[in-house]
Every structure is written in structure tokens, then in C-alpha cells.
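Please walk me through this structure in the viewer, stop by stop, telling me what to select next and what is to be found there.

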Amino acid sequence: MSRLTQSELWSALSRHYDEIKHVHMRDMFDKDENRFKKYSLKLNDLLYDYSKNRVNDETLSLLLQLADQANLSGWIEKMFKGVSINNTEHRAVLHTALRDQDDKPVMVDGHDILPEIRKERERVKTLAENIRTRKWRGATNQAITDVVNIGIGGSHLGPLMVTEALRPHTLHDLNVHFVSNVDENHINDTLEYLNPETTFFIISSKTFTTQDTMVNAETARQWYINKLGSDEYIDRHFSAVTSNIEHAKKFGITEHNIFKMWDWVGGRYSLWSAIGLSIVIAIGSEQFDELLIGAYEVDQHFRHTPFDKNIPVIMALLGIWYNNFFDAQTMAVLPYDQHLNHFPGYLQQADMESNGKYVDRQGESTDYTTGPVIFGEIGIAAQHAFFQLLHQGTKLVPADILAPVYSYRCIARHHRALMSNVFAQTEALMRGKTETEVTAELMAEGLDDIQIKHLLPYKVFPGNRPTSTLLFDTLNAKTLGSIIALYEHKIFVQGVIWNINSFDQWGVELGKQLAKNILHELNDTATIDKHDSSTNGLINYYMQRRSKVKNQYNL
Ligand code: F6P
């Protein structure tokens, strides 16, 4: 047994779980009219209501002790101070330095990294503003109308999510596109209507070796050369963001178009770095600064607020409560703001690539479950898709609800309808509907006893399904920065308590390795027999069918 599960605190939490598991939140609210006041936190323009969770004072006290037992304050300081907490890659973890608004040095390997961060940010802003103000000219002296970010994972999801979230700040005559999939349909569909003379590419890849990105980058370059007949002015159309400067140069990007990132920033935490170039081009440098400030304010909150009032800490502890004691395997994230439609996808990588690990910091297998399966969708769409399971399914799915108090170009009729759903759904999930309530309702509808008896079981809602609601004034850059930072820190806190390194991602390697070998096999015509029968069978079927399909469908 691990130290975590052997601890007296863990046993106390298990005992407490046995006491509370049948307590209904409906009764908790009935008994304590201050529950909302007690279990909600305010930070700037954010309100975090966690009162619709299956917790009481004792739960929170035990969970907070868990944070102390893990020496969370020590780990927070280690992270902010640049200690090498990514222990398998021997790296510091300093996405917080990227948005630091202070002038106190942040030291890595004996030198202050802030001047370098700021210098690189200025370079990013200069390029972005030149493109935005049409100063930057392409091969035929035309202004840029389309920017294509080619990247995947952290070099894609964060920029895509932020750009979409802050769409009201984008320029009408400058479109930012994102290509991630090595499936040629993605880049073909994107390039189909673009003019190479007015298109600017950003090859975003920390390593500059990721297959999907490199294949797409090469296709983009070929497209440009084919259309323009030469690569003479390619430096007006191609840039790179990477920590592998040599590879970027080898690819043909001129040095002044290469923006640097560092090994102490993980891909999924990198939107604050030059990886955010597409964001700065889309929303402008002032808005990007706001994004950084919003995140910085949460960093300060996280670093200096006592844990019982610390939003990311509470978010993390609630997650652990459901994950490890209620055996909830999933967590839903449900934004009620259309502009956050890429937030669930972004969060999937941020959370699952960070905490989807079964080996602890000492190299031992954990005897407790770690990162949950994160899934989600725009709340309203989800209501008409999978909320049935949230309300009446057999699984407990804790959910985070995110919603704005006021919308961009708000139309009261729309926004009230939207928010009525936010409040109704969280209430319904919490309260449910009892047999007595259902019976009364059906009687009022004029159903007879037989009909009522038949329908009753289907109409009952057990309720007691936890939600946490994050209300924010409106989705501006600063608020978005804060929301992202809250989740980043929540993930970190959970990693600390689970004693795992949230900042490596060895689990993505095996598939990449095998794909490399299989790619060689696909370039050959020989029958494949080196794998298991399924893999051999699939590869051989694919190889045989290819030309037949091509001819049959005239492709
Ligand atoms: O395969 C996973 C991963 O390594 C992520 O961690 C990363 O965000 C993504 O690939 C892209 O990596 P890169 O920016 O090096 O191309």
C-alpha cells in the first residue's frame, strides 16, 4: 500500500465517505440556509459556487488536511521558484513565469529568465502587430489576410481555444486558421480557398519533430512554392515557434522568423509563450497582455491564499473526493458560452495528459486512481445529447458549469433563456425529483393510478449529482486568462496529492514509436507478418484495398 492510502487521513476520509454517501444534498440545503454563502468563493469577477457538492465542513476539513499532508504549500513554492519538479525530464515548470507581472527574478540554472521571456514576447508582438496593421507584406507586396497555425496538442489546442473564445476581438479582414490533423483533408480544406500571396504560416512545435506537424508543414511549403513558382520570398510567409531552433532552420525558416520557447514550459501549458503567436495576431497584443494579467492574478491567488479560500485548491480537492472515494471515473466540463466551445477539448489535454498516470514520483504503481476522464461540450448542446445520463444514468459524473453574467452582443431574450438552463440544470441535478413529487405531478395531469404506477419509476430523478458553477462577468481576455490558470493549478494540486509528475507525458511515446515503424511498412509492398494477427490483418487489408478503392470511387 502506498503512503497515501496507508495514511490515517485516507482512512478517515474513507470512514467519512461511508457516513456521507447516502446523505442527500437536498437535505444539506434544507438544513443550512447559509450553504451557498459558506461554500462559494469570489475572486475578482469570478464567482465559484461549490455548494452543490456532496461535502460538509468535515469533508472539507479532511480534504484540506490532505493538501497539507502532501506539503502542497512546499510544492507550490517549488513550482513558482523554478525548482526542477518535472523529475523525469529534470526540468523546472514555469508557465507562471510567462505571465509574471513582477520584476523579481525567476531563476533557472542560475540565471533570471524574465528578460528573455519579455524579449521574445516583444518580438512576437512586433510581428503580430505588423501583420495586423498590414505593414507586413508578402511576396507580391500584399498584406496578409490569412494566418495558418500548424501544430498539434499543446501547440494547437490552447491557441485554438483562446482565439475562438476571444473572437469578438479579432479583425474582420484577418482570418486565423488552425491545422492539426495529419489527415490531408484538414490542410486541403484550409488551403483550398486561401491565396498564398496573402497567407502566413506559423509552424508551432516545441520539438519540431512531431510527425503530424512536420508532414503538414511540408505540404504547406510545397503548396506555397507550387503556387508562386519559387521559394524566393518564403521568409515573408513562414515562421516557427519552437525550442528546436536548428530543426526550424533546417526546415528553411529564417532565424528572424523563429520564436523561441524553453524546455521549462510544457506543451499543454504553453499558450502564454510564443506558441500564442496566432493568438496575438488574432486578438492583438493589448488583449494578449490582458490574458496574461488574468492568469497572473490567479497565480497570486493560488500562491498566497489560504487553502480553504483558494479556488484551484478547492476545485482539486473536490475532484479527488469524487475520484478516489465515490469512484467517479469521469468529470464533465460544460461551458454555457458558445465562445468556449473549444474549452472541453483544450482541458482534455491539459488534464488527462498531465494526470493520466499510474506511476508515482518514486516509480511505484499507485494503488489509487488518478486523473479522471474529462469530457464536455457546450452546456446547451450537451443537455440535448448526454444530460440524460447525468440525470438518470448509473454513473456519478461531477460537472463543472461555466457561464457568463453578460454576453458579448447580449440579447436579453437569448441570455435569460441560456441562464435559466444553467440554474435549472444544476438545481435539477442536485435536487432530483422524488416519487412523491412525481406522483403529485402526474395526478395533477389527470393520470389514473395504473398509469401513474407504470410511469413513476421512469419519472423519478435521484438527484444528489454534484456540480460546481463558475460564473464570470463576461468572457474577456483577462477573465479567460484567469479561468485557464484556475484549471492549470487545479491539475497541479491533484498531481501533488496523487504524488505524480503532472508535467511529463511518456504515455504518448509508444504509439508514436510504433507508428514510425509501421510507416516504413506502409511504404513497402511486402505482406506484413511481424505484428499480432489483428494488426497484420488490418495493415494487409488496407494495403490491398488501397488501389481498388482509388479506382472504384474515382479518387
Ligand atoms: O504527443 C503529445 C505531445 O507531445 C504533447 O505533449 C504536445 O503538446 C504535442 O505532442 C505537440 O508537441 P510539439 O509541440 O513538440 O509538436
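The charged end of which residue sits over the ring of Phe 251? Select Phe 251 and you will find that it is the charged end of Arg 221, 4.3 Å from the ring centre, where a charge sits over a ring if NZ of Lys or CZ of Arg is within 6 Å of the ring centre and within 35 degrees of the ring normal. Before going on, bear in mind that this is a predicted model, in which local features need pLDDT of at least 70 and side-chain atom pairs count only at pLDDT 80 or more, while totals for chains, interfaces and linings use all residues. Residues are numbered from 1 along each chain as its sequence is written, and side-chain values use heavy atoms, with hydrogens and water left out.

Select Trp 75 next: over its ring sits the charged end of Lys 78, 4.2 Å from the ring centre.

Now colour strand β7, residues 199-204; helices (H or I, at least four residues) and strands (E, at least two) are DSSP runs, numbered from the N terminus. Six of the six residues of β7 are buried, buried meaning under 20% relative accessible area with a 1.4 Å probe and protein chains only. With side chains displayed, Thr 199, Phe 201 and Ile 203 point one way from the strand, whereas Phe 200, Ile 202 and Ser 204 point the other way. In a regular strand the side chains alternate between the two faces of the sheet.

Strand β5 (residues 146-150) runs parallel to β7 and is joined to it by five bridges, with Asn 149 standing opposite Ile 202. Strand β8 (residues 238-242) is also parallel to β7, through four bridges, and there the bridge partner of Ile 202 is Ser 239.

At the β11 end, strand β10 (residues 330-335) runs parallel to β11 with four bridges between them, and Thr 330 stands opposite Val 373.

For the aromatic residues, select Trp 10, Tyr 17, Trp 321, Tyr 322, Phe 325, Phe 326 and Tyr 368, which form one aromatic cluster. The structure holds 23 aromatic pairs, rings of Phe, Tyr and Trp (its six-membered ring) being paired if their centres lie within 6.5 Å, with planes under 30 degrees apart counted as stacked, over 60 as edge-to-face and the rest as tilted. One of them joins Phe 492 and Phe 503, whose ring centres are 5.9 Å apart and whose planes lie at 40°, so the pair is tilted. Phe 492 belongs to helix α21 (residues 477-497) and Phe 503 to the loop between α21 and α22 (509-522), 11 residues apart. Phe 492 is buried at a relative accessible area of 2%, and Phe 503 counts as buried at 8%.

End at Ala 350 in helix α15 (residues 343-355), which counts as buried because its relative accessibility is 2%. Leaving aside neighbours within four places in sequence, Ala 350 is in contact (heavy atoms within 4.5 Å) with Arg 268, Tyr 269 and Ile 491.

Terms used. Buried < 20%, exposed > 50% of the residue type's maximum accessible area, 1.4 Å probe, protein only. Pairing = 2+ DSSP bridges.
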